[in-house]
Amino acid sequence: MNMLTCHLERESEIPLYEQLYNFIKKEIMEGRITYGSKLPSKRKLADFLKISQNTIEQAYDQLVAEGYIEAKPRKGYFVLASEDLEYVQPARTIQEYQIEKKQIRYDFHPSWIDTEHFPFAKWRKYAKDIITKDNQELLLLGDPQGELHLREEIATYIYQARGVQCSPDDIILGAGIETLLQQFILLMGNTTTYGVEDPGYHVMSRMLKHYPNKVYPLQVDNDGVKIGELERTPIDIMYVTPSRQFPFGSVLSANRRIKLLNWATEKDDRYIIEDDYDSEFRYTGKSIPSLQSLDQNEKVVYLGTFSKSLIPSIRISYMVLPKHLMKFHRKKLSYFQCSVSRIDQHILAQFMKEGDFERHLNRMRNVYRRKMELTLETLASYQDFVEVIGDLSGFHVVLKIKNGMSEATLVEKAYQADLKIYPLSFYVMEEQFSAEPIILLGFASIPETELEEAIQLLMGCWETQK
């Protein structure tokens, strides 16, 4: 038969093999691929679709297992007669698992935080002090960049904690990193080309799908993003997580940091976006200096958030722009108003001014360190089947699963046990071959008293043995 014209969404959370499997199954069920038809060979279809033969084989194997096609030795894959096909309930995709309403007992989300230890009493006190009739002006629109009081506190904090050099006038506040990135993309125009880490924090690549800008994924290794690939692309702006690469936790090496800064300096329109999303939670050694602190040529745009260090629902993040870009921002995007509640900004500013934010961070470092240690201790009993890879920091560990199950099977088994897990394919733009599935296992949001039980339940549903 002719080649299968299947449009694959390479930035989708659904693995490529699963997209191909769903496409062929639908074509068969709806009669567009008829009984006896021979499917293209794995090699030819892989060349045609620009994907690996392993991906084709996974899709074909699943179709064989469900009885849609049969494999004939030395001949290939053939479609079975429709009347011979037993009705099979369509397999749910990983994305559908997320959408479906189901009571999940334990959610191992890699970015969720511990809410049990939030300082409610302190926060309530500051809220009560600020929400008074004397502060009725807070009901009106404020500074488009955000409240000066809070920007002053942030400037002081990121200088002391991360070495970031800026003034309050260089800071823009926004309701989440996504809001700030949208502003930045609009600021730089639709002809700007972006680079992102792959795998990496997918907010940037997903967002750029809705803009005409081109985006290039760059692979990562133990030293962070592979800077050498930059020279072979037309990238103008590189989005990186240098202090803790997501999801593997690696630190961008000193050598690569210098190379990246030099790359940005070579052309006027080149910049680096440094996303310092959870740098507060490094449990060994000293804090890694920010990339911005090394920048001598105003080439780094620095992003930070209170979603990990405090609470996600407060929706307060910040962007530090080089002074010339801030001037450009005020001219081009003057119509933007700050998207964060002025009341919440003042509560947070007071919380920081009184030292409660620093005390909360110190407390949470200890909480998360204990949870990480307990996670590693529990996983040690399953080391024949589970390998912990990547650096250890933040809110999750990265696991390579060696029990013979596919990624889709691991997700399904966990789902059936009322557990939710997050495979590496969620965070990959271009397919990357791995002999064993890789899972991001978040531990931060699960109560410490239940963490060991939660992990044991997960290992049990994967039929692992101690």
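Student: Which loop holds Arg-315?

Tutor: Keep in mind that this is a predicted model, where local features need pLDDT of at least 70, side-chain atom pairs count only at pLDDT 80 or more, and totals for chains, interfaces and linings use all residues. Residues are numbered from 1 along each chain as its sequence is written, and side-chain values use heavy atoms, with hydrogens and water left out. Helices (H or I, at least four residues) and strands (E, at least two) are DSSP runs, numbered from the N terminus. On that numbering, Arg-315 sits in the loop between β10 (300-305) and β11 (317-320).

Student: Is Arg-315 buried, exposed or partly exposed, and what is its relative accessible area?

Tutor: Buried means under 20% relative accessible area, exposed over 50%, and partly exposed in between (1.4 Å probe, protein chains only). Arg-315 counts as partly exposed because its relative accessible area is 31%.

Student: What is phi of Lys-50 near?

Tutor: Lys-50 is in the loop between α2 (42-49) and α3 (53-65). It's exposed, at 66% relative accessibility. Its phi is positive in a residue other than glycine, near 60°.

Student: How are the rings of Tyr-422 and Phe-426 arranged?

Tutor: Rings of Phe, Tyr and Trp (its six-membered ring) pair if their centres lie within 6.5 Å; planes under 30 degrees apart are stacked, over 60 edge-to-face, and the rest tilted. The whole structure has 17 aromatic pairs. For Tyr-422 and Phe-426, the centres are 5.9 Å apart and the planes are at 85°, which makes the pair edge-to-face.

Student: Is Tyr-422 buried or exposed?

Tutor: Tyr-422 belongs to a cluster linked by ring pairs, along with Tyr-201, Phe-246, Tyr-277, Phe-426 and Tyr-427. Its relative accessibility is 2%, so Tyr-422 counts as buried.

Student: Which ring does the charged end of Lys-299 sit over?

Tutor: A charge sits over a ring if NZ of Lys or CZ of Arg is within 6 Å of the ring centre and within 35 degrees of the ring normal. The charged end of Lys-299 is 4.8 Å from the centre of its ring, that of Tyr-271.
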